[in-house]
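Trainee: Hi, could you walk me through this structure before I set up my calculations?
Mentor: Happy to, let's look together.

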Amino acid sequence: MLYPQHSNLANIDWNTALKAPDLLQHLIPEDGTLPNWVLQLRKERLSRSFKSFKKLIKKPSVRAVDCGHWIKKDNFQTSSVRKRKLEARPPKVGMARPGNTAQYQRHSLQLISRVLNIRTNASPFTLILDDLNQRAMPLVGELVRRGLSRNLNVIVVSFEATRFHPAVRSVPAYGDETGEQILRNIRKALGEAKESLVVIDSLYEILSIKNVDMGALFNLVAGEFASTLIGVYHQDTIPDQDAHKAYAPQPLDLFKYMATTVITCKSFAHVLAAKAARERSLPEPTHGILQGAEGIVQCLDANDHRGIVLEAEFRRKSGRPESETYFLRAARRSDYNTPLQGMAFGTLRQEFVVLLDQVPAYSSNEVTGLVNAAANEIESTFNLGLTDKQKQAREGVVLPYFDAQKGEGAGEGGRILYDMGEEDDFDEEEDEI
């Protein structure tokens, strides 16, 4: 047998060689010390075994509460890169439809969460519809709060609002500024950061009064600066009847056509009343101006303090829309973490927007009990209950043709007495039958 130091160690089949009974006599010298090549071989085999064992061990995925991906780092450092371009992403494979209720709920919550958290390219233009019965301010406030918590450049083009958070950049539009000046101010505010959130509190005024081209505004915010545009449209606003714009589309139709997400705000109390009407197979009640009553613009239980109902419609690139109804309660201090140094708000702890069907006040037996109680109360102008005196008087009333039902002979009971008149035509054949 050749000694290992005189042979090629890479060509030796060690699994077969180690089974030889006299191998130890050739490997181990008389003094009992192992040669260097054996020590080196042992080290290499142990290192190879450890690497294969390390691959089998999976590290536990622990997500910290303060997730680093939530905050946009270095968003306001625009010394080198002034504008952020849209990222070219490969086409996504179509997602399979949810197989059960739990998957459907997670999928629906993920859609609204990406819009509320101002995720990149989640919804370039979000249209919010409100009226006097439910204003959009709670939803807009939550969007601004989450934008500031992610270190975004929040810009508010204000026609109605006058008070803002110190971290919000305000672009006043209620003065004598023209549409071109408003666009220049928006461009200047967008250039201060890589990614921004632009909120317009009245889309009707910026289009009809300031004559701002919506295509130019959308290309500026979503195209050139790759940011997010959010606009509020009041549904109880009467459109301007201008003869020069007779063939132009209505503002609301134009906004719905351009929007990638449409959110309609409704009062929670009014939604409960509509559900109670559906349970009784009655027409749903109308509120506000839709009632058609003179002088009524806002109904009772408007702007419910418990929360706001969001009817959302998400438009995919393929054109297939997805609709769902959500419930957003008022934010609490415990919903956000402690703000970091230089931040206005802390990161979000946990998503608190839920599906409307998951709200206990909507899906519990409370609403069903109110519906059943209302159904048992028969709406009538008289009382169906009778006293004893009324029952005796009813029994004493003689019904017409009552005597004909007391025939003495056989077959006389139930006989109908009828006297023929001059206008009656007597048919002998029919009488025989």
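Mentor: What follows goes from the overall fold to the sheet, the helices and some side-chain pairs.

Trainee: Great. What kind of model is this?
Mentor: This is a predicted model.

Trainee: How many helices and strands are there?
Mentor: The protein has 14 helices and nine strands.

Trainee: And how many of the residues count as buried?
Mentor: The protein has 433 residues, and 33% of them count as buried. On contacts, take those with a separation of 6 or more: 73% of them are between residues 24 or more positions apart.

Trainee: Let's zoom in on strand 6. Which strands does strand 6 pair with, and in what sense?
Mentor: Strand 1 (residues 125-130) runs parallel to strand 6, and four bridges join the two. Strand 7 (residues 308-315) pairs with strand 6 in the antiparallel sense, over seven bridges.

Trainee: Is strand 6 mostly covered or mostly open?
Mentor: Mostly covered: six of the seven residues in strand 6 (residues 261-267) are buried.

Trainee: You mentioned Glu 313. What does Glu 313 stand opposite in strand 8?
Mentor: That would be Ser 323. Strand 7 and strand 8 are paired in the antiparallel sense over eight bridges. Their hairpin has five residues between the strands, and Gly 319 there takes a positive phi near 95°.

Trainee: How do helix 6 and helix 8 pack?
Mentor: Helix 6 (residues 179-190) and helix 8 (residues 214-224) pack at an angle of about 5°, and their axes are 11 Å apart. The two helices are therefore roughly parallel to each other. Helix 6 makes the contact with Leu 183, Ile 186, Arg 187 and Leu 190, and helix 8 with Leu 217, Leu 220, Val 221 and Glu 224.

Trainee: Nice. New topic: how many aromatic pairs are there?
Mentor: Searching the whole structure gives five aromatic pairs. One of them is Phe 268 with Phe 327, a tilted pair at 4.9 Å centre to centre with 50° between the planes.

Trainee: Where do those two sit in the chain?
Mentor: Phe 268 is in helix 10 (residues 268-279) and Phe 327 in strand 8 (residues 321-328), so the pair links distant parts of the chain, 59 residues apart. Both Phe 268 and Phe 327 are buried.

Trainee: Which residues form an aromatic cluster?
Mentor: Tyr 204, Tyr 233 and Phe 255 form one.

Trainee: I have to treat charges over rings with care. Where do I find some?
Mentor: The charged end of Lys 275 sits over the ring of Tyr 362, 4.2 Å from its centre. Arg 146 lies over the face of Phe 352, at 5.1 Å from the ring centre.

Trainee: Does Arg 146 turn up elsewhere, or is that the end of the list?
Mentor: Arg 146 also comes up with Asn 117: leaving aside neighbours within four places in sequence, Asn 117 is in contact with Trp 70, Arg 146, Arg 150, Leu 348 and Glu 351.

Trainee: Where is Asn 117, and why does it count as buried?
Mentor: Asn 117 is in the loop between helix 4 (101-116) and strand 1. Asn 117 counts as buried because its relative accessibility is 4%, and the cut-off for buried is under 20%.

Terms used: Residues are numbered from 1 along each chain as its sequence is written. This is a predicted model: local features need pLDDT of at least 70, side-chain atom pairs count only at pLDDT 80 or more; totals for chains, interfaces and linings use all residues. Side-chain values use heavy atoms; hydrogens and water are left out. Rings of Phe, Tyr and Trp (its six-membered ring) pair if their centres lie within 6.5 Å; planes under 30 degrees apart count as stacked, over 60 as edge-to-face and the rest as tilted. Buried means under 20% relative accessible area, exposed over 50%, partly exposed in between (1.4 Å probe, protein chains only). A charge sits over a ring if NZ of Lys or CZ of Arg is within 6 Å of the ring centre and within 35 degrees of the ring normal. Two strands pair if DSSP finds at least two bridges between them. Axes are lines fitted to C-alpha atoms, for helices over the stretch in contact, and angles run from 0 to 180 degrees between N-to-C directions. Angles under 35 degrees count as roughly parallel, over 145 as roughly antiparallel, 65 to 115 as roughly perpendicular and the rest as oblique. Contact means heavy atoms within 4.5 Å.
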